[in-house]
Amino acid sequence: MSAIPQGLRLATPSHRLRKAVELLSSMRFAISLLTVICIASVIGTVLRQQEPAANYVNQFGPFWAQLFLALKLNAVYSAWWFLLILAFLVVSTSLCIARNAPKIVADLRSTKENLREQSLQAFRHRAQADVADAPEAAAHRIGQALSRGGWKVKLQQRSGGWMVAARAGVANKIGYLAAHSAIVLVCLGGLSDGDLIVRAQMLLGGKTPYTGGGMIADVKPEHRLSASNPTFRGNLLVAEGTQSGTAILNQSDGILLQELPFTIELKKFIVEYYSTGMPKLFASDIVIHDRETGEAVPARVEVNHPARWRGIEIYQSSFDDGGSSVTLAAVPLNGETRPFEVRGVIGASSQLAKGAGGVADKLTLEYTGLRVINVENMGEASRSGADPRKVDLMPHLGAANGAAGKKELRNIGPSISYKLRDAAGQAREFNNYMLPVEMGDGVPVFLLGMRESPSDPFRYLRIPADDQGAIDGFVRLKAALADPALRTEAVRRYAARATDPAKPAVAEQLAASAGQALALFAGDPAAGGKGAGLSAVSDYLEARVPEAERNRAGEVVVRILGGALFELAQITREHAGLKPLDASERSQAFMAQAIVALSDAFLYPAPMAFQLKDFQQVQASVFQVTRSPGKTIVYLGCAFLILGVFAMLYVRERRLWVWLAPSEGGSHATMALSSNRETMDVDREFERLRHQLLGSR
């Protein structure tokens, strides 16, 4: 059997274990873990957490959404790899403390009085002087002076003299232990308050996330956590006049239901506003009903002022609709749908059967939201020179927030949000305001918003309000535009009003042009155009008029179209028993906005819009309920961290030695000072001590 060559060492298991412990407890390993935690925290801050998977697909696309979900980036702080990194950081810091604490404690107990007198010559801060006292008397005098200055002193008598050893600033070393212990405490508190215990119950206790729907009472026990669960963080929605005692814990693949040892009854949800209309206070008056004792405890929960019961804190998280009842009026936009009303509850839906009100296909109306107050910055929306054809309201309502320029915060009234879902399951989302809004167009407009997906902004159709402040004038005009007989009568009246009765040929020619323009605008197939609205008129001119004459021809056609539509509006008012429109600026603004709205209405993706007619609001509070046993640990860790950092940065550890040897007429003193940080303060302190103890400069 060959011998092991000299200079080689076998990697025994104990040696590998020692190397692993050294790596885990090393500073470079801890810094690497902290770097990864910082990067993960940035991701968790930038990327919205705990969102539905569809939101990530809409925002980032299928590939990145799938990657985010696979890496658990949608729930960074509860991801298995993040918790594993925290656990490794706890182990690494604990090993570092275990390795260095005995040395630090031993160093704190020692004044290093056994230092040789020759070694004092190697210190940067050193001095020598003769003193009048004998070595023993001088040693006691110097020791007492240092003790009065807060130094810990020890005297040692040697064969050749006396050694005075002193130290100060021991809190610096204690700060090292406190700062490292703080990291351990904060991580342990975070782990105990995170999803670790909930995940352990899912892994070992047979608990599984719930992915279905229905009533909370029908959810099976395997999806519920008991009221004795030591740590959790969930949400609880309670409508006014109701109570609930089951919180929802969101998981990446569903939800878990957390039973509470009490129920929360919401007596009233309170909102207070500033003079600008912005909310300044959200509060809930609640009653806590204890399940065990039956005790009823009234309390108020405000933002940043939670209520506490049985170790569970109740925070005001947000508010929502609690099932408000609404009455909606259908506004026909295709010229064929008949007006009708529908009643429903927010969160519910209604079936619009085929044929109801002229609906061609079966639609489902889903009531998604009611906002009673909408405070928007209308300074930009009402600025002069705004494009009246702009249907995207977002730059007007949102772009001015925080921007330089005029600000005008105004409550523009209630709004209703709903979805229209067709038989194939495809849905569009709508958001309509109840009251007309002054947008600087010369006439108030009703805002009818629509978007294809939640990631898109709402695009708004502006419908001008008539002289009664209602949408009826526009609806009558839209229906009349679809009636060939009324269009013919409007053209006849326009031609008769705009021409000389003595020139019938001119009137006939104008009537033909007006009839063609009105038919193109209405989308009449017999007119020979494509589509409807102003785009159909533009395409018709582009195909038949030379480019050099196109601008002038367009101006003439738009003027003719406006005159014919004005006569059509007059006819609708006659049929409604209303007085004719006058020639005021408001009437002109109404017609100008109506032409744009009529043109854009052909692009509206639904046969009707639903206008909020009446509502009975029921509000609900969303509470966050937490049981956080690790909070005290985290607070303790934060206190340790503050003390530790302060001690390490602002407390200097100093050690002082004075060797006193006999000499003629007294003693010869050699003094040396060391510090863990060499600063100008150390230089000044050394000079002061030399003068105080040795009497020399």
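Good morning. Of the 697 residues in this protein, 44% are buried, where buried means under 20% relative accessible area, exposed means over 50%, and partly exposed lies in between, with a 1.4 Å probe and protein chains only. Please note that this is a predicted model, in which local features need pLDDT of at least 70 and side-chain atom pairs count only at pLDDT 80 or more, while totals for chains, interfaces and linings use all residues. Residues are numbered from 1 along each chain as its sequence is written, and side-chain values use heavy atoms, without hydrogens and water.

Let me begin with the overall form. The protein contains 17 helices and 25 strands; these are DSSP runs numbered from the N terminus, helices being H or I with at least four residues and strands E with at least two. The C-alpha trace spans about 145 × 70 × 65 Å along its principal axes.

I turn now to the interior. In soluble globular proteins, nonpolar side chains tend to be buried together. A nonpolar core is a set of buried Ala, Val, Leu, Ile, Met, Phe, Trp, Tyr and Cys residues joined through side-chain atoms within 4.5 Å. The largest one here has 69 residues, and Leu565, Tyr418, Tyr604 and Phe610 are among those with the most contacts inside it. Helix α14, residues 547-575, gives the most to this core, with nine residues. A second, separate core of 25 residues includes Leu86, Ile97, Val184 and Leu191.

Which residues are linked into a cluster by ring pairs? They are Phe340, Tyr418, Phe430, Tyr604 and Phe610. Rings of Phe, Tyr and Trp (its six-membered ring) pair if their centres lie within 6.5 Å; planes under 30 degrees apart count as stacked, over 60 as edge-to-face and the rest as tilted. The count comes to 18 aromatic pairs. Tyrosine 418 and phenylalanine 430 are stacked, at 5.2 Å centre to centre with 15° between the planes. Tyrosine 418 lies in strand β18 and phenylalanine 430 in strand β19, 12 residues apart. Phenylalanine 430 also forms a tilted pair with tyrosine 604, at 5.8 Å and 45°. These two residues are 174 apart in the chain. Phenylalanine 430 is buried, at 1% relative accessible area, and tyrosine 604 is buried at 11%.

Finally, how many disulfides does the whole structure hold? The search finds zero, a disulfide being a pair of cysteine sulfur atoms within 2.5 Å. For cysteine 96, the nearest cysteine sulfur, that of cysteine 187, is 13 Å away.
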